[in-house]
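The points go from the aromatic rings to the helix and then to the charged pairs.

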Amino acid sequence: MNNMMNSEKERLYHDIGVIDFVVVEMTEYLDTHPTDKEAMEYLNHYVRMKNQAMREYAMKFGPLRISDADSCNQNEWKWATQDWPWNGGC
């Protein structure tokens, strides 16, 4: 069970990274093409996807950013004690 949970945690963390890459690239594109409505729709779609993935990660494994702490289903503050992905948490 723990191995399956770690696999899901790694997959979700990876997905967040991929989505975040798209968001960053789209914001850079829009810096030079600010009137591209299709690009804005594309960006908004991926921002929504990222926010949903961040909430899902927070509910299951703890928040990656403080703004997602309210999505946690926990009765204790684990922000400072959880394993962080860059410290081997994934």
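**Note on the predicted model**

1. Ring pairs link Y13, Y57 and F61 into a cluster. Rings of Phe, Tyr and Trp (the six-membered ring for Trp) are paired if their centres lie within 6.5 Å; planes under 30 degrees apart count as stacked, over 60 as edge-to-face and the rest as tilted.

2. On sources: this is a predicted model, in which local features need pLDDT of at least 70 and side-chain atom pairs count only at pLDDT 80 or more, while totals for chains, interfaces and linings use all residues. Residues are numbered from 1 along each chain as its sequence is written, and side-chain values use heavy atoms, with hydrogens and water left out.

3. How many aromatic pairs does the structure hold? There are 3 aromatic pairs. In one of them, Y42 with Y46, the ring centres are 4.9 Å apart and the planes stand at 45°, so the pair is tilted. Both residues lie in helix α2, 4 residues apart, about one turn of the helix. Y42 is partly exposed, at 39% relative accessibility, whereas Y46 is buried. Burial is by relative accessible area (buried under 20%, exposed over 50%, partly exposed in between; 1.4 Å probe, protein chains only).

4. The rings of Y57 and F61 have centres 5.2 Å apart and planes at 55°, so this pair is tilted. Y57 and F61 are 4 residues apart in helix α2, which separates them by about one helical turn. Both Y57 and F61 are buried.

5. Helix α2 covers residues 37–61, and its end C-alpha atoms are 36 Å apart; this agrees with the 36 Å that its 25 residues should span at 1.5 Å a residue. The expected span is 1.5 Å times one less than the number of residues. Helices (H or I, at least four residues) and strands (E, at least two) are DSSP runs, numbered from the N terminus.

6. Both ends of helix α2 deserve a look. At its start, a side-chain oxygen of D36 comes to within 3.2 Å of the backbone nitrogen of E38. Just after the helix, G62 has a positive phi of about 105°. Buried residues of α2 include A39, L43, A53, M54 and A58. An α-helix has 3.6 residues a turn, so residues three or four places apart point the same way.

7. The whole structure contains 4 salt bridges (a side-chain nitrogen of Lys or Arg within 4 Å of a carboxyl oxygen of Asp or Glu). Which of their partners lie in distant parts of the chain? The side chains of K50 and D20 form a salt bridge, at 2.6 Å from N to O. This pair links distant parts of the chain, with K50 in helix α2 and D20 in helix α1, 30 residues apart. K50 is buried, with a relative accessible area of 17%, and D20 is partly exposed at 26%.

8. Within helix α1 (residues 2–32), D15 and R11 are 4 residues apart and so separated by about one helical turn. They form a salt bridge whose closest N and O atoms are 2.9 Å apart. D15 is partly exposed at 26% relative accessibility, as is R11 at 40%.

9. In helix α2, E56 and K60 lie 4 residues apart, about one turn of the helix. Salt bridges that share partners join E8, E56 and K60 into one network. The side chains of E56 and K60 meet at 3.0 Å, N to O. E56 is partly exposed at 24% relative accessibility, and K60 is partly exposed at 38%.

Methods:
Polar contact = N/O pair within 3.5 Å; in protein donor to acceptor, adjacent residues only side chain to side chain.
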